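Here's a quick briefing to read with the structure open beside you.

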Amino acid sequence: MATILPSPPKVGMVSLGCPKALVDSERILTKLRADGYGLSADYAGADVVLVNTCGFLDSAKEESLEAIGEALAENGRVIVTGCLGREAEMIRARFPKVLAISGAQQYEAVVGAVHEYAPMPKNAFLNLVPDSGLKLTPRHYSYLKISEGCNHRCSFCIIPSIRGDLVSRRPDAILREAEKLVAAGTKELLVISQDTSAYGVDIRHQPREWHGREVRAHMTDLARELGSLGAWVRLHYVYPYPHVDQVIPLMAEGLITPYLDIPFQHAAPSVLKAMKRPANELKVLDRVHKWREICPDIAIRSTFVVGFPGETEADFEYLMQWLDEAQLDRVGAFRFEPVQGAVANDLPNPVPEEVKEERYARLMERTAAISAAKLQAKIGRTLDVIIDAVDDEGGATGRSKADAPEIDGEVFLRDTVGLAQGDIVRVLVEDADEHDLFGVVTE
């Protein structure tokens, strides 16, 4: 007579915040799936719901609290983890029915809480997990976290107090994970950390053997090895340290994607000093020009903060002129928002909210015009595009090498036939607007 196995408990996941938090969620789900748990795509089917929170900005905290409240209302059995978990008393006061609370990177605590509140039947044999682990992103791209924490002490940031100082992963461990991801269908690796340029500093760039050769725990070595795997390799959160110059030739060779995500945050020297940012805006401009000489197709994206305490109109105009000179391809901006525990909260001369809004609007208008001009110049060119979605009416949406998923622009295609998510095709650019391209497949 056949043996009927009991159904394993199912876990639901709400993952908020940055890609680093998304990787944490993937690791948690991979461990739980290996332990035999099932996954639920909705509240109704879950025996317990995990909410991986963000606690960086007050607005992000509020979004996390709303997510916790929704999960409790819809399911009632909620475990909280992530950056906001460090404020456990506040969460408990607002949501006393939460089952358990843990902080960022506390994987064992999260998994232990799931085992406690949704225990596995003793005879469940369902621990089936692919080598690449479980993912919350589409199959064709994957985030690859190379380190945790940060050694900087920027005055507006509390990440070091949440996630600690820099802790780099071994290069062979990173490459092994990347190799498995590519073998499982990943076409694009998005390298993430708090400070990608600082990778390996804490372990003195110690080399490890990988496929019969030594590879240093260093950004340039890692980029070169990742580029040999055959996928697009996109570098995020890169501080403009001198050794970043060594990565640009790899882009010119086509080994890694010609894209750098550099969080400049500002350009005015007085503001950078108040932010405690490690940067020299004039030398960076010279280097940006040299990078473009070496690799003309390089796309540089960045984010900026407007309305930082003490920012004068002259400081803001300096930033605007710097942006005109830098001609960055992709730009995001934030209005300064006090974060509990940040040193910047106590700085003098706060900028009024209406001034923040006005400066934000001006910056976005200026950078949108720069973006529009750069995209107009691509009309008539043929670019590689990775397909993210295909519709039923002959259209498809993808991204060029200048576009990271969810944060940059897209490429909208017409008259597509036989394309699938993850395909990389050649596209003739026919039109453009401020942020996106429009084209047709040429192959």
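A residue counts as buried when its relative accessible area is under 20%, as exposed when that area is over 50%, and as partly exposed in between. At 11% relative accessibility, Glu 225 is under that 20% cut-off, so Glu 225 counts as buried. Keep in mind that this is a predicted model.

**Nonpolar cores**

- As a bit of background, nonpolar side chains tend to be buried together in soluble globular proteins.
- Here, the largest nonpolar core takes in 50 residues. Those with the most contacts inside it are Leu 226, Leu 260, Trp 291, Phe 304, Trp 322, Leu 328 and Leu 363.
- Which helix gives this core its largest share? That's helix H11 (residues 313-326), with six residues.
- There's also a second, separate core of 17 residues, and Leu 16, Val 78, Leu 84 and Val 98 are among them.

**Salt bridges**

- The model has 37 salt bridges in total; a few to look at follow.
- Glu 225 pairs up with Arg 213, with N to O at 2.7 Å. Glu 225 sits in helix H7 (residues 219-227) and Arg 213 in strand S11 (residues 213-215), so this bridge ties together parts that are twelve residues apart in sequence. While Glu 225 is buried, Arg 213 is partly exposed because its relative accessibility is 37%.
- Arg 301 and Asp 408 make another salt bridge, and their closest N and O atoms are 2.8 Å apart. This one links distant parts of the chain, 107 residues apart: Arg 301 is in strand S14 (residues 299-306), and Asp 408 is in the loop between strand S17 (396-400) and strand S18 (411-414). Are these two buried or exposed? Both Arg 301 and Asp 408 are buried.
- Asp 329 and Lys 374 meet at 3.5 Å, N to O. Their bridge also links distant parts of the chain, 45 residues apart, with Asp 329 in the loop between H11 and strand S15 (330-335) and Lys 374 in helix H12 (residues 353-376). Asp 329 counts as buried because its relative accessible area is 15%, whereas Lys 374, at 23%, counts as partly exposed.

**Negative charge on the surface**

- Glu 63, Glu 66, Glu 70 and Glu 74 gather in a surface patch of negative charge.
- Take Glu 70 as one of them: you'll find Glu 70 in helix H2 (residues 58-74). Its relative accessibility of 44% is why Glu 70 counts as partly exposed.

**Loops worth a click**

- Most residues other than glycine have a negative phi.
- Tyr 237 isn't a glycine, yet its phi is positive, at about 55°. Tyr 237 lies in the loop between strand S12 (232-235) and helix H8 (248-252).
- Gln 265 also has a positive phi, near 75°. Look for Gln 265 in the loop between strand S13 (259-261) and helix H9 (269-275); with a relative accessible area of 10%, Gln 265 is buried.
- Glu 410 is in the loop between S17 and S18, and a relative accessible area of 32% makes Glu 410 partly exposed. How far is the C-alpha atom of Glu 410 from that of Asp 436? The two are separated by 5.1 Å, although Glu 410 and Asp 436 are 26 residues apart along the chain.

Terms used
Residues are numbered from 1 along each chain as its sequence is written. This is a predicted model: local features need pLDDT of at least 70, side-chain atom pairs count only at pLDDT 80 or more; totals for chains, interfaces and linings use all residues. Side-chain values use heavy atoms; hydrogens and water are left out. Patches are made of residues with over 30% relative accessible area and no salt bridge: like charges are joined within 9 Å, nonpolar side chains (Val, Leu, Ile, Met, Phe, Trp, Tyr) within 5 Å. Accessible areas come from the Shrake-Rupley method with a 1.4 Å probe; for residues, only the protein chains shown count as cover. A salt bridge is a side-chain nitrogen of Lys or Arg within 4 Å of a carboxyl oxygen of Asp or Glu. Lys and Arg count as positive and Asp and Glu as negative; His and the chain ends are not counted. The place of a charge is taken as NZ of Lys, CZ of Arg, CG of Asp or CD of Glu. Helices (H or I, at least four residues) and strands (E, at least two) are DSSP runs, numbered from the N terminus. Buried means under 20% relative accessible area, exposed over 50%, partly exposed in between (1.4 Å probe, protein chains only). A nonpolar core is a set of buried Ala, Val, Leu, Ile, Met, Phe, Trp, Tyr and Cys residues joined through side-chain atoms within 4.5 Å.
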